[in-house]
Amino acid sequence: MMLRVLLVPTLLAATSTLSAQSAALKVKEETSGLLKQAKIAPAAALATASAKVPGTTLKGAEIEKEDGKLLYVFSFTKPGTKGEDEVSVDALTGALHKVEHESAEDEAREAAEDAAKAKGKNMGAGTKGAATGTATKPTKPPVH
């Protein structure tokens with residue numbers, strides 16, 4: 001009986017924190033229209049993700065396509081730790097996809113990759129790098 005009394009306040013605190021995070025949930029779309037494709041509501045996916053990283057605070061939410069899967073990706077921070085926990089949930093089934101901890105270095109590398117991708121997408125049509133140059137013939141090795 002004593003155990004139930006101790007667990008109720010803990011569960012209530014966790015529920016109220018999750019409710020506060022869900023109320024302010026804004027999901028960034030990697031590509032326009034991804035949220036419309038999701039079959040699972042962002043708040044339901046957040047509940048799944050939050051259960052895997054207790055004691056954390058939601059830092060950001062995104063929906064993206066990764067390896068052909070539509071995923072919600074939630075970033076969480078925990079007081080007293082460096083980096084962030086990233087939890088991905090399948091946006092079509094609600095199943096947990098992956099939980100990983102990213103160091104500050106990992107985050108910086110990922111941000112640089114995202115910026116490079118965005119820069120590539122923003123280049124105008126017909127500017128596909130070396131594809132617009134003059135072709136050169138391959139050189140043959142000398143015959144002895």
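1. Helices (H or I, at least four residues) and strands (E, at least two) are DSSP runs, numbered from the N terminus. By this rule the protein has 4 helices and 5 strands, and their order from the N terminus is α-β-α-α-β-β-β-β-α.

2. The model is a predicted one, in which local features need pLDDT of at least 70 and side-chain atom pairs count only at pLDDT 80 or more, whereas totals for chains, interfaces and linings use all residues. Residues are numbered from 1 along each chain as its sequence is written, and side-chain values use heavy atoms, with hydrogens and water left out.

3. Asp 67 is placed in the loop between β2 and β3. Although Asp 67 is not a glycine, its phi is positive, at about 50°. Asp 67 counts as exposed because its relative accessibility is 77%; buried means under 20% relative accessible area, exposed over 50%, and partly exposed in between (1.4 Å probe, protein chains only).

4. Of the 144 residues of the protein, 23% count as buried. The accessible surface comes to about 10300 Å², and 60% of it belongs to carbon and sulfur atoms; accessible areas come from the Shrake-Rupley method with a 1.4 Å probe, and for residues only the protein chains shown count as cover. Among contacts (heavy atoms within 4.5 Å) with a separation of 6 or more, residues 24 or more positions apart account for 48%.

5. A nonpolar core is a set of buried Ala, Val, Leu, Ile, Met, Phe, Trp, Tyr and Cys residues joined through side-chain atoms within 4.5 Å. The largest such core has 18 residues, of which Leu 25, Ile 63, Tyr 72, Phe 74 and Phe 76 touch the most other members. At least two residues of this core come from each of α3 (42-52), β2 (57-66), β3 (69-77) and β4 (84-90). The largest share, 4 residues, is that of β3. In soluble globular proteins, nonpolar side chains tend to be buried together.

6. Leu 25 belongs to the loop between α1 (2-23) and β1. Leu 25 counts as buried because its relative accessibility is 17%. Apart from neighbours within four places in sequence, Leu 25 is in contact with Pro 42, Ala 43, Leu 46, Leu 58, Ala 61 and Phe 74. Leu 25 and Gly 60 are 35 residues apart in sequence, with 8.3 Å between them in space, C-alpha to C-alpha.

7. The largest pocket has a volume of about 770 Å³, a volume being the space filled by probe spheres set on the points, which are joined across faces, edges and corners. Its lining has 26 residues, with Glu 62, Glu 64, Glu 86, Glu 110 and Asp 114 nearest the centre. The largest contribution, 9 residues, is made by α4.

8. By class, the lining of the largest pocket has 4 nonpolar, 2 polar and 20 charged residues; Ala, Val, Leu, Ile, Met, Phe, Trp, Tyr, Cys and Pro count as nonpolar, Asp, Glu, Lys and Arg as charged, and the others, Gly among them, as polar.

9. There is 1 cavity of 30 Å³ or more, and the largest cavity has a volume of about 40 Å³. Glu 66, Val 73, Glu 86, Ser 88, Lys 98 and Glu 100 line the largest cavity.

Technical notes
On a 1 Å grid over the protein atoms alone, a cavity is a set of points where a 1.4 Å probe fits but cannot get out, and a pocket is an open set with protein on both sides within 12 Å along at least five of seven lines; lining residues have an atom within 4 Å of a point.
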